[in-house]
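Thanks for coming. Please look at the structure on the screen before I start talking.

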Amino acid sequence: MTVALLGTLVVLALVDSTSFGTLLIPIWLMLAPGRLRPGRIMVFLATVAAFYLVLGLALVAGVARFSDQVADALDARPVQAAQLVVGLALLAAGLWTGFRRQRAPSGRLAQWRERAVGDEGSTRGLVVLAVTAALVEAASMVPYLAAIGLVGTADLSWPATAATLAAYCVVMVLPASLLLSGRMAASRVVEPVLRRVDDWMGRNAQENTAWILGIIGFVVASNAAQGLGLGV
């Protein structure tokens, strides 16, 4: 492995480390009321990392060899028509979410977080949350998909490929792990920063959701319309 490839992979992993599932949700969990439970948060981060490692190994191992067949299926007009409907539905959902009345962010999310990392929380719930977050983000994690492509064409042995992807996933959850360590060792310094991020998430959750739904819906519908020759 060349130094250039290694540096590129590190940069891509650090970009991926700022995503919703690898940074924002862990910060949100760190700010749960009551005693900090680092073990629960590490379960979440380990699950996210493991999910992406398995996904990367599967893709490198040969899932990509079926790309031509998948492309042919996606080019079929019935599939493109269904894609157009899905895209328009997502776009409409984004508009509806953006224009509907903003609700107070207090109750349900805070209660759910308490159940996840509080005294009554369960490891199973955190694992489900981690897998759900990873599934939602998998298709949009372009840096990771680029990293998989680079690793897959680097002519590495299978053990070296697995070790490289494992290291990538560790770097991907490293910033959140460092914040957790800081929260444990220097709470007075780190917690105000985490609070500001948490407040921002609470104030802008509905708006961010609307933008995400709208953008994804527009892209999906636009691609389908072009494939159907609708001139979009």
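First, how to read it. This is a predicted model, in which local features need pLDDT of at least 70 and side-chain atom pairs count only at pLDDT 80 or more, while totals for chains, interfaces and linings use all residues. Residues are numbered from 1 along each chain as its sequence is written, and side-chain values use heavy atoms, with hydrogens and water left out.

How many helices and strands does the protein have? There are 10 helices and zero strands. Both are DSSP runs numbered from the N terminus, with helices being H or I of at least four residues and strands being E of at least two. Of the 232 residues, 35% count as buried. Buried means under 20% relative accessible area, exposed means over 50%, and partly exposed is in between, with a 1.4 Å probe and protein chains only.

Now helix H9, residues 158-185. Its 28 residues should span 40 Å at 1.5 Å a residue, and the end C-alpha atoms are 39 Å apart, which agrees. The expected span is 1.5 Å times one less than the number of residues. Where does H9 bend? The bend is at Leu-174, by about 45 degrees, and a proline, Pro-175, follows within four residues. A bend at a residue is the angle between axes fitted to the seven residues ending there and the seven starting there. Among the buried residues of H9 are Thr-161, Tyr-168, Cys-169 and Arg-183.

The structure holds one salt bridge, a side-chain nitrogen of Lys or Arg within 4 Å of a carboxyl oxygen of Asp or Glu. Here the side chains of Arg-183 and Glu-191 meet at 3.9 Å, N to O. Both Glu-191 and Arg-183 are buried.

Next, helix H2. Is it enclosed or open? H2 is largely enclosed by the rest of the structure, because 10 of its 11 residues are buried. Those buried residues include Pro-26, Trp-28 and Leu-29.

Helix H3 has 24 residues and reaches 34 Å from its first C-alpha to its last, close to the 34 Å expected. Its buried residues include Ile-41, Phe-44 and Tyr-52. Ala-46 is also in H3, but at 45% relative accessibility it counts as partly exposed. The C-alpha atoms of Ala-46 and Cys-169 are separated by 9.2 Å, though the two are 123 residues apart along the chain.

That brings us to the cores. A nonpolar core is a set of buried Ala, Val, Leu, Ile, Met, Phe, Trp, Tyr and Cys residues joined through side-chain atoms within 4.5 Å. The largest has 36 residues, of which Leu-29, Ile-41, Phe-44, Tyr-52, Tyr-144 and Tyr-168 touch the most other members. Elements giving two or more residues to this core include H1, H2, H3 and H9. H9 provides the largest share, seven residues. A second, separate core of five residues includes Ala-221, Ala-224, Ala-225 and Leu-228.

Gly-87 and Ala-225 are 138 residues apart in sequence and 9.8 Å apart in space, C-alpha to C-alpha. Gly-87 lies in helix H5, residues 77-99, and counts as buried, at 0% relative accessibility.

That is the tour.
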